[in-house]
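Me: I have a model to go through before I set anything up. Can you walk me through it?

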Amino acid sequence: MPDTIIRLENISKSYSQGDTVIPVIENLNATIQEGKFISVIGPSGSGKSTLLNVIGLIDTADSGDIFFFDENLKDINYVQQNLIRRDKIGFVYQSNNLFSDFTAIENVTIPQLLLGANKKDAYNLAFKCLDILGLSARINHLPKDLSGGEQQRVAIARAIINEPKIIIADEPTGNLDKNTSNDVFEHLINFVYSQKISLIMATHNLDLARKSDHQIKLV
Ligand SMILES: Nc1ncnc2c1ncn2[C@@H]1O[C@H](COP(=O)(O)OP(=O)(O)OP(=O)(O)O)[C@@H](O)[C@H]1O
Ligand SMILES: [Mg+2]
């Protein structure tokens with residue numbers, strides 16, 4: 001049995017809009033295991049991003065329990081949660097949020113520099129990550145001089161440089177055409193499976209979702 005990275009038990013989350021309460025996630029149970037790809041599917045507004053934000057420790061659930069490596073989040077203080085988010089989780093979003101004045105490789109070094117790595121080590125590691133994603137010939141390009149798919153691959157390189165245990169991806173191929181989307185996904189999934197890390201990905205692309213080890217369906 002692979003190790004369980006995250007376990008969700010009876011997670012519920014609603015938003016208040018004036019006097020009305022809008023339930024978004026109701027009593028959700030899920031297990032995310034090491035080296036597995038979990039897709040999150042459901043119509044627009046069904047709570048996919050909300051769920052990813054809860055799992056990524058960006059937002060909190062109203063009720064239920066979340067276990068990270070068998071430790072209940074309720075027993076982990078705010079500072080420790082920040083460390084989990086920084087050290088164990090890589091994020092990839094639909095729009096890549098790359099810094100426009102920095103080259104591809106400079107963008108990828110940033111998470112390492114924030115961890116205190118020296119510039120040369122960060123650069124070498126960033127090159128390795130960009131190489132894995134097929135971008136070794138593009139490292140000195142600014143984001144505007146890269147295609148949409150290449151920009152997303154840079155964003156993935158930036159998400160993996162700190163060697164996370166889990167990648168949270170919110171429609172990472174949502175802005176790309178079908179072929180580019182498949183290409184970016186292939187790079188991502190190959191990396192995930194080769195490194196035995198977990199991927200939890202929200203997507204409207206049911207072809208990609210079908211490739212997952214497990215689907216979380218929201219309604
Ligand atoms: N901060 C907020 N305050 C109030 N309501 C919110 C907030 N964030 C999200 N919602 C509502 O919660 C519901 C779920 O939103 P969410 O963004 O999680 O959906 P989604 O499944 O990711 O949709 P999409 O496929 O369009 O990205 C929506 O009805 C949305 O309007
Ligand atoms: Mg969303």
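Reply: One definition to start with: a residue is buried if 20 or more other C-beta atoms lie within 10 Å of its own, exposed if 12 or fewer, and partly exposed in between, with C-beta atoms placed from the backbone. Helices (H or I, at least four residues) and strands (E, at least two) are DSSP runs, numbered from the N terminus. This is a predicted model, where local features need pLDDT of at least 70 and side-chain atom pairs count only at pLDDT 80 or more, while totals for chains, interfaces and linings use all residues. Residues are numbered from 1 along each chain as its sequence is written, and chains are lettered from A and ligands numbered from 1 in the order in which they are written.

Me: Fine. Which residues of H1 are buried?

Reply: Lys48, Thr50, Leu51, Leu52, Val54 and Ile55. That is six of the eight residues in H1, so the helix is mostly covered.

Me: What do they pack against?

Reply: The buried residues of H1 pack against S1, S2, strand S3 (37-41), S7 and strand S8 (198-202). Contact here means C-beta atoms, placed from the backbone, within 7 Å.

Me: And what follows H1?

Reply: Leucine 57, with a positive phi near 60 degrees.

Me: Switching to the ligand. Which residues are around ligand 1?

Reply: The shell holds Tyr15, Gln17, Ile22, Val24, Gly42, Ser44, Gly45, Ser46, Gly47, Lys48, Ser49 and Thr50. A residue counts as near if its C-beta atom, placed from the backbone, lies within 6 Å of the molecule. Strand S1 (4-17), strand S2 (20-33) and helix H1 (48-55) each give two or more residues to that shell.

Me: Which element has the largest share of the shell?

Reply: H1, with three residues.

Me: How does the shell split by class?

Reply: Three nonpolar, eight polar and one charged. Ala, Val, Leu, Ile, Met, Phe, Trp, Tyr, Cys and Pro count as nonpolar, Asp, Glu, Lys and Arg as charged, and the others, Gly among them, as polar.

Me: Helix packing next. What angle do H3 and H5 make?

Reply: The axes of helix H3 (residues 104-114) and helix H5 (residues 148-160) cross at roughly 25 degrees and come within 7 Å. Axes are lines fitted to C-alpha atoms, for helices over the stretch in contact, and angles run from 0 to 180 degrees between N-to-C directions. H3 and H5 are therefore roughly parallel. Angles under 35 degrees count as roughly parallel, over 145 as roughly antiparallel, 65 to 115 as roughly perpendicular and the rest as oblique.

Me: Which residues meet there?

Reply: From H3, Ala104, Asn107, Val108, Ile110 and Pro111; from H5, Val154, Ala157 and Arg158. By class, that contact has six nonpolar, one polar and one charged residues.

Me: What about H3 and H4?

Reply: The axes of H3 and helix H4 (residues 119-132) come within 8 Å and cross at roughly 120 degrees. That makes H3 oblique to H4. The contact of H3 with H4 has 11 nonpolar, two polar and no charged residues.

Me: Why does aspartate 70 count as exposed?

Reply: Because it has 10 C-beta neighbours inside 10 Å.

Me: And where is glutamate 163?

Reply: In the loop between H5 and strand S7 (166-170). Glutamate 163 has a positive phi of about 55 degrees, although it is not a glycine. With 12 C-beta neighbours inside 10 Å, glutamate 163 counts as exposed.

Technical notes
Contact = placed C-beta atoms within 7 Å.
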